[in-house]
Amino acid sequence: MYQSFYGFSEMPFNITPDPKFLYLSPTHQEALQHLKFGVEQRKGFIVVVGEVGCGKTTLCRRFLNELDPARFDTALIVNPRVNETQMLRAILQELGETTDADDPHDLVLQMNRILLERIERGRDIVLIIDEAQNLSFEVLEQVRLLSNLETDKQKLLQIVLMGQPELKDIIKRDELRQLRQRILVHCELEPLNPYDLAHYVNHRMTKAGWNGRPFFTSWAMRRIHGFSRGIPRVVNNLCDKALLSAYIRESDEISYWDVRRAIIDVKKLTD
């Protein structure tokens, strides 16, 4: 309802991971650069962690969009609650390959052959596993073994694990020390501080066609940060509801009280 009233070309605070709306805070910018560096330099294993709602999936899609399709083939796994065989088959499917094999050994042999063929054609292959904290030990071990596939000069597969902070604790387990030793690039997304939050809100409205109206008061911004603790997904939810509250009042000012109403609505859904 408020989209046309305020002249937005699209909704500014949808929670879908649209790379167009990605705001590169210092930690998001650092993570994106780490991803690019790790893949371009063929570092093997890269780990990115961040709290729920911090923008890992959006960052991942931005990263994928910026990879040169003339050089990189990518496989994105978004449902890691699988066994070893299902993981190997999913990777092959993401790479556009078909297989009738059911044995992990045969699947690894097929993958090794396919990766070698693509490397010989000048391709680099990137595997990204989102929500990696949900991987079982057995699947993590299988992923580690995939990192052993290599020629005399390079790894056949660049692997990116993206997950919540629990992923750090999982990797620290003694039985995963071999995996831990292979991680050469690691970065962590931090919540937005008050300064970045204000820029984040304006950035998203600008991307949605903002013409200067409406505007959030300083007290509204403070309340948003206080409740959301700088988590972008929570910020989006609050801003969307606060905009609706201001629209109902036919006001161009989004006040502390609009945010307060938004928080009450959010709490009704979570309590």
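From which domains does the lining of the largest pocket draw at least three residues each?

1. The lining draws on domain 1 (1-16 + 193-268) and domain 2 (26-189), with at least three residues from each; these bounds come from an automatic or database domain assignment. This is a predicted model, in which local features need pLDDT of at least 70 and side-chain atom pairs count only at pLDDT 80 or more, while totals for chains, interfaces and linings use all residues. Residues are numbered from 1 along each chain as its sequence is written, and side-chain values use heavy atoms, with hydrogens and water left out.

2. The largest pocket is lined by 23 residues, and Gly-53, Cys-54, Gly-55, Lys-56 and Thr-58 are those that lie nearest its centre. On a 1 Å grid over the protein atoms alone, a pocket is an open set of points where a 1.4 Å probe fits, with protein on both sides within 12 Å along at least five of seven lines, and lining residues have an atom within 4 Å of a point.

3. His-28 belongs to helix H2 (residues 26-40), helices being DSSP runs (H or I) of at least four residues, numbered from the N terminus. His-28 counts as buried because its relative accessibility is 3%, the cut-off being under 20% relative accessible area, with exposed meaning over 50% (1.4 Å probe, protein chains only). Leaving aside neighbours within four places in sequence, the residues in contact with His-28 include Cys-54, Gly-55 and Glu-190, where contact means heavy atoms within 4.5 Å.

4. Leu-269, in helix H12 (residues 256-270), is exposed, with a relative accessible area of 67%.

Technical notes:
Helices (H or I, at least four residues) and strands (E, at least two) are DSSP runs, numbered from the N terminus.
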